[in-house]
Amino acid sequence: MIRSIHNDLKIKDAVFCGGSLAFATLTRPQGAIMFLFIGLVALTAFFINLKKSPHTAGKIFKVSLTFCLTALIFFAPWMIRNAIHTGIPSPFSFYGAYSFSQASSDVSYITYSYIDTPEYSEKTDAAWNKFHKEKTAELKKNKIFNLVEASPYWKKWAWEYIKNNPEKMLFIIQKRLLHCFRIYPNTSSLSSNKIIMLCIYFACFIPLLLYGFYLSLKHKETLLLLLPMISVLVMAIPFLMIIRYRYPFFAPFASIYVGYALYFLRGKIFPATMNKLK
């Protein structure tokens, strides 16, 4: 879709992009941010070319419409299912409000306060049990027994916590973003040998990643590899509620930059071998 700016995107490419991104979004909701970004790019390109090149603007409109309709077709079965069972034709599950509420609570605050400490499991289990005991009791009191009906309550509790605890939320958000860049999981569950091995791995990996990124700046299209990673960071701010190792999500995209650096370095160190690679 981004290539539509250069007027070389075909309809079949728009179908492939729309279907692929729809499938990815149904797998991980972070894909929704990709739709917003692509829509913004397409809209900007359309208005830039509207007077300057109506033909190009028309093509951008055509491929954008194809992209959206294809995505809608892939979303349709889940939307129909949700409409039948909940009355809301959403392509997403209704777990978001609950995630938002737990991510904006003392559960998250305690989690980040005790990460990497021996008391982690004891403290987080206690906070989790207290949070759910209080909230489920109130939901039962109001005769709420499903996620759809409970969503307004989860959202209300989340916003109340944010409003009443701004310092705690600032701490949570800061730790949450930094957690996405941790080179190893919670150390309370890792042996010393595993931590040492991970540190050695990333001591080699990170310099190559940064060098590969620097080299890739000559080809602006490679910056698109950053979009999935940025989408994870954006979605982490309101919804990340579990201390889960996040690096594996970044690994496929980061490895491409590392591969670019290794390829370039091989050409510099062993130029004779490059002919074989070509």
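Four residues of helix α8, M169, I172, R176 and H179, are buried (under 20% relative accessible area with a 1.4 Å probe and protein chains only, exposed being over 50% and partly exposed in between). They cover an arc of only 90° around the axis, taken from the directions from the helix axis to the C-beta atoms, and so they sit on the same side of α8. The structure is a predicted model, in which local features need pLDDT of at least 70, side-chain atom pairs count only at pLDDT 80 or more, and totals for chains, interfaces and linings use all residues. Residues are numbered from 1 along each chain as its sequence is written, and side-chain values use heavy atoms, with hydrogens and water left out.

Helices here are DSSP runs of H or I with at least four residues, numbered from the N terminus. Helix α8 spans residues 166-179 and reaches 20 Å from its first C-alpha to its last, close to the 20 Å expected at 1.5 Å a residue (1.5 Å times one less than the number of residues). Its buried residues pack against α4, α5, α7 and α10, contact being heavy atoms within 4.5 Å. On the face turned away from this buried side, α8 carries the exposed residues P166, E167, L170 and L178.

Turning to helix α1 (residues 11-27), its 17 residues reach 25 Å, close to the 24 Å expected. Its buried residues are A14, G18, G19, L21, A22 and T25, and their cover includes α2 (31-52) and α3 (54-86).

Key. Helices (H or I, at least four residues) and strands (E, at least two) are DSSP runs, numbered from the N terminus.
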